[in-house]
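Let's take a look around this protein together, starting with a helix and moving on to some aromatic rings.

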Amino acid sequence: AGWHPAHRLSAPTWIAAAIGLVALGLRLVALDRIPTIFSGNEAGVGLSALEFVRGTRSNLFDLGWWSFPSLYFYLQSWPLRLLGASVFGIRFSSSLIGALTVVATYAYARRAFGRATGLLSAAFLAFSGFHIHFSRLGLNNIWESLLAVLLAGGLVYAWKTPDPRRFLIPGLVLGLAQYFYVGGRMFLVLVPVWVILACSDRRHPM
């Protein structure tokens, strides 16, 4: 009811959405068979997620498999509830997060560097073999790529907006990143570096 012609999505946005759907397809096709080896790490993640499904674990803030925070295992439990305790169910969330990262990359790069760069960045990531591989593993590694893009996008958005409350967005992402893979700890160092570089040339924030 609140839709207005001025809110119509532009052609590049539709193209980015199409790239996101292609990226999702590349990350979902034959997901239960490729990679062919279902690793012990994926199995360990699945067992911790199943504890939430079976009710033997309920605390989102304690530690699960390999001393990782349990929040990830709780999120991982929902595909298992809906799709069953299967290889596809364990890997599904990673494929979804990988595809969302492609769309988020477009949104970030477009705002920071322009539409052409946004589309090229999204297309490159959508077809990146390295990113596709980790998007097809039932592990928490791939979440770092989404959180990194959201953090960078949030910083650019806040930096270009006069309201300092906008910095709550990257702050929340920075805190949330600590509940996933250990790579999120690097963000605690990268954010101050980003601010220093942005302050050196406020006209062109990173």
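## Helix H3 and its surroundings

Helix H3 covers residues 70–83, so 14 residues in all, and spans 20 Å from its first C-alpha to its last, close to the 20 Å expected at 1.5 Å a residue. Keep in mind that this is a predicted model. Quite a few residues of H3 are buried, namely Ser70, Leu71, Tyr72, Phe73, Gln76, Ser77, Pro79 and Leu80. What covers them? Helices H2 (40–54), H4 (87–113), H7 (143–159) and H8 (168–177) are among the elements that do.

Leaving out residues up to four places away in sequence, threonine 105 touches Ser121, Ala122, Leu125 and Val149.

## Rings meeting rings

There are 15 aromatic pairs in the structure. Here are two of them:

| Pair | Centre to centre | Angle between planes | Type |
|---|---|---|---|
| Phenylalanine 130 and phenylalanine 134 | 5.0 Å | 55 degrees | tilted |
| Tryptophan 159 and phenylalanine 167 | 6.4 Å | 85 degrees | edge-to-face |

Phenylalanine 130 and phenylalanine 134 are both in helix H6 (residues 129–134), four residues apart, or about one turn of the helix. Phenylalanine 130 is exposed at 64% relative accessible area, while phenylalanine 134 is partly exposed at 26%. In the other pair, tryptophan 159 is buried at 11% and phenylalanine 167 is partly exposed at 34%.

Trp65, Trp66, Phe68 and Tyr181 make up one aromatic cluster. Finally, arginine 81 holds its charged end over the ring of tryptophan 78, 4.4 Å from the ring centre.

How values were computed: Residues are numbered from 1 along each chain as its sequence is written. This is a predicted model: local features need pLDDT of at least 70, side-chain atom pairs count only at pLDDT 80 or more; totals for chains, interfaces and linings use all residues. Side-chain values use heavy atoms; hydrogens and water are left out. Helices (H or I, at least four residues) and strands (E, at least two) are DSSP runs, numbered from the N terminus. Buried means under 20% relative accessible area, exposed over 50%, partly exposed in between (1.4 Å probe, protein chains only). Contact means heavy atoms within 4.5 Å. Rings of Phe, Tyr and Trp (its six-membered ring) pair if their centres lie within 6.5 Å; planes under 30 degrees apart count as stacked, over 60 as edge-to-face and the rest as tilted. A charge sits over a ring if NZ of Lys or CZ of Arg is within 6 Å of the ring centre and within 35 degrees of the ring normal.
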